[in-house]
2 protein chains.
Amino acid sequence: MTNPTTFGLQRLIGYNFHHQALLTQALTHRSFGSVNNERLEFLGDGVLNFIIASQLYLAFPKLDEGDLSRLRAHLVKEPTLGELALTLNIGDALRLGEGELKSGGWRRPSVLADALEAIIGAVFLDAGFDAAEMVVIKLFTPLIDKIDPKSIGKDPKSLLQEYLQSKKIDVPSYEVLAIEGEAHCQTFRVECKVAKFNITTQGEGTSRRAAEQEAAKLAYQQIIA
Amino acid sequence: MTNPTTFGLQRLIGYNFHHQALLTQALTHRSFGSVNNERLEFLGDGVLNFIIASQLYLAFPKLDEGDLSRLRAHLVKEPTLGELALTLNIGDALRLGEGELKSGGWRRPSVLADALEAIIGAVFLDAGFDAAEMVVIKLFTPLIDKIDPKSIGKDPKSLLQEYLQSKKIDVPSYEVLAIEGEAHCQTFRVECKVAKFNITTQGEGTSRRAAEQEAAKLAYQQIIA
């Protein structure tokens, strides 16, 4: 008997389970019963992390291991997985206990992300590494293609500083040029100087930090342009 | 031409590289040059973590995901990998910069552990997942077989408490029965009571904490016996 909810899910992930019971388990939250998706999530987290690592390794041959780790963390973090799970309508197929159901567990990012990992773990158990890899590639390639490896997960000041340090160039200097407006709505204007490149930029913001980030962003854009 | 050092290493890990350059890179510390093992280590860390996860998943069908994570952390931690690397004589095959060589980098656990992970990553690149899995299984099965999943990485008091909490049973009570001896060499005698099971044990030690741990161990052993 085909379950219409999981039929659509299997179409979307591009994989049909030999053992439908594995998929059912992957969709079972611990609030539903003792046979649930927690162990599958452990397995799925591992295989997902590794497949993403290997895809990034191949896609970005010039990135060092620190940047690769950063990109991987971005792709496998709960909000990313939760959004992906939404596009697969995993919430509709979840089996939740009554309390979780009433409190909206089917739309909670953590619950959805866990179920998605469990599904990937279940594919691995059902058919091995290559099958899990195909599912992960299908789901994550659009996200990997959109990555700007230079900027993900980092603020402009850190990006600029790390770039300069990697070239053994002195870190930029920041100077507050002006603070305008009344105490409750001040605007800061900050100058960022990268002496080595003869670059000077200005940023504005409602805090000194925000103004520095803006100035750093402009300087970084000029340098890598 | 066969390199006698890496010939022995390949025999010990049970895998012969198609592309010896991958093995060479895996054995190259960053102090040696810009083509080094850091990216391979990133890849190897991922595949190792996952293969260990899947082996533990299969070996311990009754453990929950928290215990599985704890066991995995124990198996892939630096000291464990460093010791394993010593048994493979990886230190002899490492390529290190002069500074690292003089400061004994070839016997530093972190350097050895990183190289071992890089080798596993290199096997994955050289021949795919199944080859990497065979190497990991060969190297780690003796360690997995030795695991006592109940006790790794936890002290008896924590073990006892977590066990009782998982059964919704009141935590044990500890009472100091006696402190004997002079100030610099006291002996503490502590009683541990688990009211629900009508269990009372005593432990002795040179500190209150040590005596409590001993009493907790005896109580835990009685409960799970």
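**Close-up views of a two-chain predicted model**

Between chain A and chain B, seven residue pairs are in polar contact, both residues at pLDDT 80 or more (a pair of N or O atoms within 3.5 Å; within protein, one must be able to donate a hydrogen and the other to accept it, and residues adjacent in sequence count only if both atoms are side-chain atoms). The model is predicted: local features need pLDDT of at least 70, side-chain atom pairs count only at pLDDT 80 or more, and totals for chains, interfaces and linings use all residues. Residues are numbered from 1 along each chain as its sequence is written, chains are lettered from A in the order in which they are written, and side-chain values use heavy atoms, without hydrogens and water.

**View 1. The interface of chains A and B.** The count of salt bridges between the two chains is zero (a side-chain nitrogen of Lys or Arg within 4 Å of a carboxyl oxygen of Asp or Glu). α3(A) gives the largest share of the side of chain A that touches chain B, 13 residues (helices are DSSP runs of H or I, at least four residues, numbered from the N terminus). About 2,300 Å² is buried between chain A and chain B, 69% of it from carbon and sulfur atoms (the accessible area, 1.4 Å probe, that two parts lose on being put together, summed over both). R39(A), F42(A) and Y57(A) supply 38% of the area that chain A buries against chain B, more than any other three residues.

**View 2. The axis relating the chains.** Chain A superposes on chain B by a rotation of 179 degrees with 0.3 Å of shift along the axis, RMSD 0.5 Å (least squares on the C-alpha atoms of residues with pLDDT of at least 70 in both). This is the relation of a two-fold axis. In chain A, the C-alpha nearest the axis belongs to F50(A), at 3.2 Å.

**View 3. The N-terminal end of helix α4(A).** D64(A) caps this end, with a side-chain oxygen 3.0 Å from the backbone nitrogen of G66(A). Among the buried residues of α4(A) are L68(A), L71(A) and L75(A) (buried is under 20% relative accessible area, exposed over 50%, partly exposed in between; 1.4 Å probe, protein chains only).

View 4. R208(A) and E212(A) meet in a salt bridge, 3.2 Å from N to O. They lie four residues apart in α11 (residues 208–224), about one turn of the helix. E212(A) counts as buried because its relative accessibility is 8%, whereas R208(A) is partly exposed at 44%.

How values were computed: Helices (H or I, at least four residues) and strands (E, at least two) are DSSP runs, numbered from the N terminus.
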